[in-house]
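User: Hey, I'm new to this one. Can you put it up and walk me through it?

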Amino acid sequence: LQPLLLHAVALIAPSQFEAVGFEIVNAQAVGCPVVAADTPFHRCLIEDDKCLFSPEEPASFLRALHVAEGQRKPRGMDSRDAATPLWRALKDRLFAK
């Protein structure tokens with residue numbers, strides 16, 4: 001998957017019922033932007049809500065894809081950096097008062 005992600009415009013994650021988002025973290029690790037359905041799970045992984053879309057609104061998908069095109073990061077980004085949004089979200093939920 002990594003060779004494809006290195007050259008992709010974006011990873012599209014349209015699932016509304018995602019259990020684990022390893023493909024999202026893998027894409028972020030190589031600097032590939034992610035466009036995803038707007039779900040609570042995807043909000044934990046994707047910091048920029050402009051890259052989230054409503055599956056019921058095709059125009060929102062096109063807007064999110066357009067935003068993602070400008071977000072490509074340099075290759076070789078450390079996977080720990082990519083996982084930061086996930087760990088931050090998990091920490092916030094686990095240690096919320």
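Analyst: Helices (H or I, at least four residues) and strands (E, at least two) are DSSP runs, numbered from the N terminus. This is a predicted model, where local features need pLDDT of at least 70, side-chain atom pairs count only at pLDDT 80 or more, and totals for chains, interfaces and linings use all residues. Residues are numbered from 1 along each chain as its sequence is written, and side-chain values use heavy atoms, with hydrogens and water left out.

User: OK, which strands form the sheet, and in what order?

Analyst: Three of them, ordered β1-β2-β3, in an open sheet with parallel pairing. Since β1 and β3 are at the edges with a single partner strand each, one side of each has no neighbour in the sheet.

User: How many bridges join β1 to β2?

Analyst: Three, and the two strands run parallel. Ala13 is opposite Ala36 in β2.

User: And which residue stands opposite Ala36 in β3?

Analyst: Leu52. β2 and β3 are paired over two bridges, again in the parallel sense. Between them the chain goes through helix α3 (residues 40-45), making a right-handed β-α-β crossover. Right-handed here is judged with the strands pointing away from the viewer: the path from the first strand over the helix to the second runs clockwise.

User: Where does α2 lie?

Analyst: Across β1 and β2, and α2 runs at about 160° to β1. For that angle, axes are lines fitted to C-alpha atoms, for helices over the stretch in contact, and angles run from 0 to 180 degrees between N-to-C directions. Contact means heavy atoms within 4.5 Å.

User: Switching topic: how many residues has the largest nonpolar core?

Analyst: It has 21 residues, and Leu11, Ile24, Cys32, Val34 and Ile46 have the most contacts inside it. β1 (11-13), α2 (22-29), β2 (34-37), β3 (52-53) and α4 (58-69) each give two or more residues to this core, with the largest share, four residues, coming from β2. A nonpolar core is a set of buried Ala, Val, Leu, Ile, Met, Phe, Trp, Tyr and Cys residues joined through side-chain atoms within 4.5 Å. Buried means under 20% relative accessible area, exposed over 50%, and partly exposed in between (1.4 Å probe, protein chains only).

User: What does Ile24 touch?

Analyst: Leaving out residues up to four places away in sequence, Ile24 touches Leu11, Ala13, Val34, His42, Leu45 and Ile46.

User: Now Ser60, is that buried or exposed?

Analyst: Ser60 counts as buried because its relative accessibility is 8%. Ser60 is in helix α4, and a polar atom of its side chain lies 3.0 Å from the backbone nitrogen of Ser54.

User: And where is Gln16 found?

Analyst: In the loop between β1 and α2. Gln16 has 39% relative accessibility, so it counts as partly exposed. Not counting residues up to four places away in sequence, Gln16 touches Ala37, Thr39, Pro55 and Glu56. Gln16 and Thr39 are 23 residues apart along the chain, with 6.3 Å between their C-alpha atoms.

User: Last one: where is the place of Leu1?

Analyst: Leu1 is in the segment before α1 (2-7), and at 56% relative accessibility Leu1 counts as exposed.

Methods:
Pairing = 2+ DSSP bridges. Polar contact = N/O pair within 3.5 Å; in protein donor to acceptor, adjacent residues only side chain to side chain.
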